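Work through the exercises below with the sequence and the model at hand. Each task is followed by its solution.

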Amino acid sequence: MSEPLLRVRGLTKTFKVAANKAGKNRLRALDGIDLELRRGETLGLVGESGCGKTTLARTLMMLERPDSGTVTWDGADPLALRGKDLLAFRRRVQMVFQDPYASLNARMSAGEIIAEPWRTHRDLYPSAQARTERIRELLDLVGLRAGDAHRYPQEFSGGQRQRIGIARALALNPSVVICDEPVSALDLSVQAQVLNLLDDLQRQIGISYLFISHDLSVVRHVTDRVAVMYLGRIVETGSTDAVFDRPAHPYTEALLSAAPQLAPEARGRRIILQGDVPSPLNAPSGCRFRTRCRHATDICASATPPPATDEHEAGHIAECYHPRTVRAEVPVAAK
């Protein structure tokens, strides 16, 4: 295994919000996140809406400052960077946004959109000729024509707009691209085109992706490893095959059971979770998932569960007192 390009340890982030009935006004969006991303791999990040996925992405891009924890990009600490050093770091991490209609400026041509990052990073392509040539290269790289540089976003389809967004993300030659639901607003056939494009780009230039998505079928298709997030914590991580074929955490198991299957024989028993997702303002003690878990026992409320390792794969880890391998032997207690 290659050395991680990104390593996150104990990352926390809270926001001050309006107080709830209990008088609490600190929303803990991230609570002790541990994560690794290796060179040239795609790491999927999945979980329910509101679990903190986008907050994590914004924090990794230094758009939000964490309260505590460490972030290491290729051996460097971006939290310690200021001024020109921080500006240089921002070249290395770019984002592709969810909505290809809202993320592009309708008053700018495709070429102007792609070239916009160079207004800040002037030394990358200092001459007009160099910028023009690079725009043509990027358009060709994402499957568009050189003449498309003079067209405006409203003249493109949704898939073509997302290709422009990808070209803009690649304009600064990043080593990591964070894809925040990059195909959720697209038709199914267009989704396949964009996903194949991302895969081709990874093969050509060795870029790494943090791929955030709700669509588990897409995640299984494009990712090498998966991290499952619940209420501000990573509850399970491992290779895509291990997580999908042998889910160790009960939340992951329930999440996968809700995914639609085309083949009737592939459909397992649907696991219906009871209750609502707890508020981050008043998160449960111990295991965050215990109030909805059918396997919870008294120990689950005592403290955050230690990581349990899959006996078949060392990198497959679940934050659970009763991982799948021993769950059937554990009596269920009232929560």
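This is a predicted model: local features need pLDDT of at least 70, side-chain atom pairs count only at pLDDT 80 or more; totals for chains, interfaces and linings use all residues.

**Exercise 1.** Decide whether the radius of gyration of the protein chain agrees or disagrees with that of a compact globule.

Solution. Start from the chain length, which is 335 residues. For the outline, the C-alpha atoms fill a box of roughly 70 × 50 × 45 Å along the principal axes.

**Exercise 2.** Describe the secondary structure, burial and contacts of the protein chain.

Solution. First, the protein chain contains 11 helices and 11 strands. Next, buried residues account for 51% of the 335 residues. Last, take the contacts between residues at least 6 apart in sequence: 66% of them join residues at least 24 apart.

**Exercise 3.** Classify the aromatic pair formed by Y230 and F289, and state whether each residue is buried or exposed.

Solution. The structure holds five aromatic pairs, and Y230 with F289 is one of them, at 5.2 Å centre to centre and 90° between the planes. An angle over 60 degrees counts as edge-to-face, so the Y230–F289 pair is edge-to-face. For burial, the cut-off is under 20% relative accessible area. Y230 is at 1% and therefore counts as buried; F289, also with 1%, is buried.

**Exercise 4.** Which residues form one aromatic cluster with Y230?

Solution. Y251 and F289 belong to one aromatic cluster with Y230.

How values were computed: Residues are numbered from 1 along each chain as its sequence is written. Side-chain values use heavy atoms; hydrogens and water are left out. Helices (H or I, at least four residues) and strands (E, at least two) are DSSP runs, numbered from the N terminus. The radius of gyration is taken over C-alpha atoms; the globule rule is 2.2 Å times the number of residues to the power 0.38. Buried means under 20% relative accessible area, exposed over 50%, partly exposed in between (1.4 Å probe, protein chains only). Contact means heavy atoms within 4.5 Å. Rings of Phe, Tyr and Trp (its six-membered ring) pair if their centres lie within 6.5 Å; planes under 30 degrees apart count as stacked, over 60 as edge-to-face and the rest as tilted.
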